[in-house]
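Open the model in your viewer and keep the sequence panel beside it. This tour tells you what to select at each stop.

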Amino acid sequence: MEAVLQTRGLLSLPPKPTKASSLLNPSQGLNHRLFASKPLGFNGLCLFYRRVPSVVAKPNGVPFICKAKAASAADGKQPFFNENEKPKFMGIEILTLKKIIPLGLMFFCILFNYTILRDTKDVLVVTAKGSSAEIIPFLKTWVNLPMAIGFMLLYTKLANVLSKKALFYTVIVPFIAFFGAFGFLLYPLSNYIHPQALSDKLLAVLGPRFLGPLAIMRIWSFCLFYVMAELWGSVVISVLFWGFASQITTVEEAKRFYPLFGLGANVALIFSGRTVKYFSNLRKNLGPRVDGWAISLKEMMSIVVLMGFTICFLYW
């Protein structure tokens, strides 16, 4: 016997299953054995029996067949049990917002720092004493490229040893520490740590053809700042952020929200550009004997460090 209890979202079995011997009684007609004569209904539930000539179970020594299934009612009434819908805000699940909003803020802070560093590094290197725009190709070829390759090799080694959380902090904290140290230590002491006299002697011996390489040695701390600013864009943005975003978001979430990250990037560029302009104008109001560049650099590096710790907090 196959018992089917039709309801919406409710499964049940008949309380008294019929013996298989009664199903196989040859005295009953074929139509009576295959189909129940009359369905039993109560309170919106419909119970009917259909006879089948097979035996699938034998509980308590009595073979019988029963089957239960749920069917949606056609009367349009509400179901007895509804699946709990996940809470949403503006059509977006709260769980998704808990991932997307911190990711958007992280991307904003990373690009805010990158714009400040990108605008600062070129001016710092080109306008330094004993340097010129000729230093840029040498920096990109003989300093930036080898350090980028070396960093990727080191990152690969660390990825095999450290956890993802420890790897993120291990990579981003040195950047934050360096930019803070540059603004408050390396730049104020640049007149003492740069080998100006040695570079002048070598330039007199080797000739102007070596102006670019000697300029790198002459202002080595500025060149290190240039390389670290370049690595911030390629490492923190491309490797750390997008790797972390791909790790915690699904494909459907990426299709919906990755374009919004690009919109947030444009907003970050606006704010960082206004910040750089503000500190550039601040130097005009200082006295003639005050190093306005050092003061503005300290302020901007303080903002970079603050944004860096904000990135770490959002990741946490």
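Select Asn-113. It counts as buried because its relative accessibility is 0%, and buried means under 20% relative accessible area, exposed over 50%, partly exposed in between (1.4 Å probe, protein chains only). Asn-113 sits in helix H3, residues 94-126. Helices here are DSSP runs of H or I with at least four residues, strands are E runs of at least two, and both are numbered from the N terminus.

Now show what touches Asn-113. Setting aside residues up to four places away in sequence, Asn-113 is in contact with Trp-232, Ile-303, Val-304, Met-307 and Gly-308. Contact means heavy atoms within 4.5 Å.

**Before you go on**

This is a predicted model, where local features need pLDDT of at least 70 and side-chain atom pairs count only at pLDDT 80 or more, while totals for chains, interfaces and linings use all residues. Residues are numbered from 1 along each chain as its sequence is written, and side-chain values use heavy atoms, with hydrogens and water left out.

**Zoom out**

Show the whole protein chain as a cartoon. It has 11 helices and five strands. Of its 316 residues, 34% are buried. Take the contacts between residues at least 6 apart in sequence: 76% of them join residues at least 24 apart. Switch to a surface view. The chain exposes about 19,100 Å², and carbon and sulfur atoms supply 65% of that. These areas come from the Shrake-Rupley method with a 1.4 Å probe; for residues, only the protein chains shown count as cover.

**Helix H9**

Select Glu-230. It lies in helix H9, residues 220-248. Is Glu-230 buried or exposed? It counts as buried, because its relative accessibility is 18%. Leaving out neighbours within four places in sequence, Glu-230 contacts Lys-121, Lys-140 and Asn-144. Next, pick the C-alpha atoms of Glu-230 and Tyr-114. The two residues are 116 apart along the chain, yet these atoms are separated by 8.5 Å.

Go to Thr-156 in helix H4, residues 135-161. Thr-156 is partly exposed, because its relative accessible area is 46%. Its side chain reaches the backbone oxygen of Met-152 at 2.8 Å.

Select Tyr-155, also in H4. Which residues does Tyr-155 contact, leaving aside neighbours within four places in sequence? They are Leu-167, Val-171, Val-239 and Leu-240. The C-alpha atoms of Tyr-155 and Val-171 are separated by 8.1 Å, with the residues 16 apart along the chain.

Now follow helix H5, residues 164-186. Its 23 residues reach 31 Å from first C-alpha to last, close to the 33 Å expected at 1.5 Å a residue. The expected span is 1.5 Å times one less than the number of residues. Colour the buried residues of H5, among them Leu-167, Val-171, Phe-175 and Phe-179.

**The largest pocket**

Finish at the largest pocket, with a volume of about 290 Å³. Of its 15 lining residues, the closest to its centre are Lys-129, Tyr-187, Ser-190, Asn-191 and Phe-222. On a 1 Å grid over the protein atoms alone, a pocket is an open set of points where a 1.4 Å probe fits, with protein on both sides within 12 Å along at least five of seven lines; lining residues have an atom within 4 Å of a point. The volume is the space filled by probe spheres set on the points, which are joined across faces, edges and corners. H6 and helix H11 (292-315) each supply at least two lining residues.

Last, select Ser-190, in helix H6, residues 190-193. Ser-190 is buried, with a relative accessible area of 8%. Its side chain reaches the backbone oxygen of Tyr-187 at 2.9 Å.

How values were computed:
Polar contact = N/O pair within 3.5 Å; in protein donor to acceptor, adjacent residues only side chain to side chain.
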